[in-house]
Structures are given as C-alpha cells and as structure tokens.
Amino acid sequence: MLMELEQVLHMNGGDGDNSYAKNSSQQKEAILKAKPLLQQTMREFYCNSFPDCIRFADMGCSSGPNAFLPTWETIEALHKTCHSLNCKPPLLHVFLNDLPGNDFNTIFKALPGFYDRLKKGDDQNDLLSCFIAAVPGSFYGRLFPPHFLHFVFSSYSLHWLSQVPEGLISEKGVPVNRGNIYPTITSPPSVHKAYLDQFEKDFTKFLTLRSEELITGGRMILTLRGNQSKDESFNNYRPIFLELIGSALHEMVLEGVVEESKLDTFNMPMYAPSLEEVRNVIQREGSYNINLLETFQLSWDAGSSNGENSLEGKYARGKQVAMKLRPVVESILVSHFGNAILDDLFQRFSIRVADCIEKGLGVHTNVIISLTKK
Ligand code: SAH
C-alpha cells in the first residue's frame, strides 16, 4: 500500500486553474504564520556555531510559489543576521523534498527566476549563496546521509499518512467506517484507534529518521493540520473538511450516483492529530527537546484574494474554499472513484463548506512544533 499511495498521491501540477500552484494561498498563510518562529530559530542556530554552510530541507514542498517561500524566509533571516553582525553569510544548501509524483519540473523551471531575484537583492554586496536541489522520495524513508542536515522544515505535509490505516475492514471482511472517508463522530471507536495508531507509527518514524539525518543541535520546525475537537476544554465541535467530502459522497450514494461499496471501501490516508497526540509521540520517540508546541487557527478562506465583505454571497465563498481544496485531494479521489463524479462532488462539498462558514465553523486548527535534536 505504501508504494501504491506514493504512486497516486500528488498535488495537481502545472499552473492551470485547478493546479496547486494557483490554489495554495491557504497553505501559504500557514507558512507565513510560522515565519517568525523559523527566522528566530534560524538566527539562534546560526549564532550558536557560525557554520560556513547550512543544510536546510523542506519536507513535502509541493510545487508552485510555496515551494520557495520557506527558503526566502531563511535567506532573509540569515541576511539580516549577518548584516547586523557584519559577517559573511553562510552558504545555504536547500533540499526540496516531495514524493516522486510531485511536479518538480515546475520548480526547476522557476529556479532561474529565483536565482535572478536573489542576485537583485544583493544590495549590500554580501550575496548569500544558495544552492537548491530536489530530493524526490517519501519522508517516511531515509533521504539523507547521517548527521547531514542542520535544519528541517515542513508545512502542511505531515498530516498525510504513509498508507490508509490497517484495521478498517473487519475480520469478516466488512468495512468498519461505512459511509465515511475519515473518522467522524459517528465512526466506531476502532476507526479512531486505527487512524491514531497509523499516525503514531508514521510520525514516530519521521522523527527517528530525521534524528539520524540531523546533526546534534539541529533544528526542526513543523506545521500540520490539527484537531481541537478532542481537547476537553473545547466543546464546540468543528468538522474537518474531509468529513464534509465524506458526507457529500454519502449523499451521492443515497441518490445512486456513487456505489455504496465504493464509498465504504475508501478511507483518506490523512490524519489531523490533537496537540496531546503530537506531544505524546515526540516524548515517547525521545530524540528531541521540545522548544515550542502550540496550536493556531486559520479560517478556511484564509489567504483568499477577495476580502471578507467583497464576496458575492455565502455559496460563492463556499465554492471558493472548496476549489482550493480540490488540487490537494483530487489525485487520491480520482484513483478510487474515477474522474466523472468530481465536479458534482465538489459542488455538493462547496454547499456544505458554505453552511459551515455561515455557522462560524469554518476554522481549522494547526499544530506548530519547534524541536532541537538532542
Ligand atoms: N509545503 C507545501 C505543500 C503542502 S501540500 C505548502 O505548504 O504549500 C503537502 C505535500 O506533502 C504534497 O506535495 C504531498 O505530495 C507531500 N507529501 C505527502 N506525503 C509525503 C511523503 N510521505 N513524503 C514526501 N512528501 C509527501
């Protein structure tokens, strides 16, 4: 299944209307939220040992403008630090990682423009040399030599599991998460457990593999989708967007547009953990000190170019949000349900999104983590 998922999962490539590049403004907001932490951590790291070269990896970079954003933020931080200290900036060696099916070509085509912009910013004549390389492969496997990396960054990627959790089909061969594609309030406890088990297994593996690749004192900044509904202090249930796609698919089953068995046998390989679930894994894995572990909220339409008041109406807004999620989940949905139902599905999904936004539920939680390798 691991190989299968790797072959199927990719954000929509290119730069067309349905591409990730054109629809990643919400993910951009998450990178911008992490910017002060990334820059402060990079400053601290550099000023600790003044390395000649910093090896920086972005895990799950995708393609489009966001693939370069963490690198720009790093360059800016190092440039400012070195300027104020009046020292020569280090070399920055950047490794952009994603699954082999990622549209790396769009990144490669944007590289000359990136280097041009970098040169233009060289007003102080102390140009920071930056070399960018691509590293295709799953971050649930080893990607770098031991004690190689100084800094690992990842935004909005670690909620993707390595596979659909096991145990979602009973011993008698009956699907346990019938009518859903993600653990919801109506799913049996075994479904929640299967998802949490898979997340714990995957996230532990990610931490251990990176701990082998990072130097002692190396830093890691991670942001992933989270779930606040499980916190005891939080009694306002908010659906995860996958639950709304599940409910739209369920409606299509009831209308005979989608076969019931198709829906019953599909589960999304994605999990949004609670803060405590994340903390437990990091502590149990044991290779890192936690510098910061927090949640922050972003509204579903964060980063939309239209201001809140300029949107024509509730459904236009729902549609806009739904279309931004389409390039993220389309490849997985098409691999199971085929292409034909997609427009209909996203139309139904957008109505649910609009209703949630209207009820004030259109907010999602993110977990942000800063770690130091022991
Ligand atoms: N960091 C980017 C992209 C987020 S989309 C941004 O913030 O905009 C999530 C990305 O993670 C996708 O491009 C997906 O292909 C990648 N991804 C998911 N599982 C992965 C894995 N096991 N190994 C490497 N990349 C993975």
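This is a predicted model: local features need pLDDT of at least 70, side-chain atom pairs count only at pLDDT 80 or more; totals for chains, interfaces and linings use all residues.
Seven strands make up an open sheet with mixed pairing, and their order across it is β3-β2-β1-β4-β5-β7-β6. The edges are formed by β3 (130-136) and β6 (288-299), each of which pairs on one side only. Ignoring direction, neighbouring strands of this sheet are turned by 15 degrees against each other on average.

By contrast, strand β5 (residues 214-226) pairs with strand β7 (residues 363-373) in the antiparallel sense over eight bridges, and here Arg225 stands opposite Asn366 in β7. In general, strands of a sheet pair through backbone hydrogen bonds, in either a parallel or an antiparallel way.

**Helices lying across the strands**

Helix α2 (residues 25-49) lies across β1 (53-59), β4 (149-155), β5, β6 and β7, and runs at about 160 degrees to β5. Helix α4 (residues 104-120) lies across β2 (91-98) and β3, where its direction is at about 170 degrees to β3.

**Packing of helix α6**

Helix α6 (residues 241-254) packs with helix α9 (residues 314-337) and with helix α10 (residues 342-358); the geometry of the two pairs is set out below.

| Helix pair | Angle between axes | Axis separation |
|---|---|---|
| α6 and α9 | roughly 45 degrees | within 13 Å |
| α6 and α10 | about 125 degrees | 9 Å |

With α9, the axes of α6 cross at roughly 45 degrees, which makes α6 oblique to α9. The crossing of α6 and α9 is right-handed. On the α6 side the contact is made by Phe241, Leu242, Ile245 and Leu249, and on the α9 side by Leu325, Val329, Leu333 and Phe337. The residues of this contact of α6 with α9 comprise eight nonpolar, no polar and no charged.

The crossing of α6 and α10 is right-handed. From α6 the contact draws on Phe241, Leu244, Ile245, Ser247, Ala248, Leu249, Glu251 and Met252, and from α10 on Asp344, Leu345, Arg348, Phe349, Arg352, Val353 and Cys356. By class, the contact of α6 with α10 has ten nonpolar, one polar and four charged residues.

**Two asparagines in loops**

Asn12 is found in the loop between α1 (2-8) and α2. Its relative accessible area is 10%, and Asn12 is therefore buried, as the cut-off for burial is under 20%. The C-alpha atom of Asn12 is separated by 9.9 Å from that of Gly101, a residue 89 residues apart from Asn12 along the chain.

Asn227 lies in the loop between β5 and α6, and with a relative accessibility of 12% Asn227 likewise counts as buried. Leaving aside residues up to four places away in sequence, Asn227 touches Ile240, Ala272, Pro273, Ser274 and Thr365.

Key. Residues are numbered from 1 along each chain as its sequence is written. Side-chain values use heavy atoms; hydrogens and water are left out. Two strands pair if DSSP finds at least two bridges between them. Helices (H or I, at least four residues) and strands (E, at least two) are DSSP runs, numbered from the N terminus. Axes are lines fitted to C-alpha atoms, for helices over the stretch in contact, and angles run from 0 to 180 degrees between N-to-C directions. Contact means heavy atoms within 4.5 Å. Buried means under 20% relative accessible area, exposed over 50%, partly exposed in between (1.4 Å probe, protein chains only). Angles under 35 degrees count as roughly parallel, over 145 as roughly antiparallel, 65 to 115 as roughly perpendicular and the rest as oblique. A crossing is left-handed if the near helix is turned anticlockwise from the far one by less than a right angle, and right-handed if clockwise. Ala, Val, Leu, Ile, Met, Phe, Trp, Tyr, Cys and Pro count as nonpolar, Asp, Glu, Lys and Arg as charged, and the others, Gly among them, as polar.
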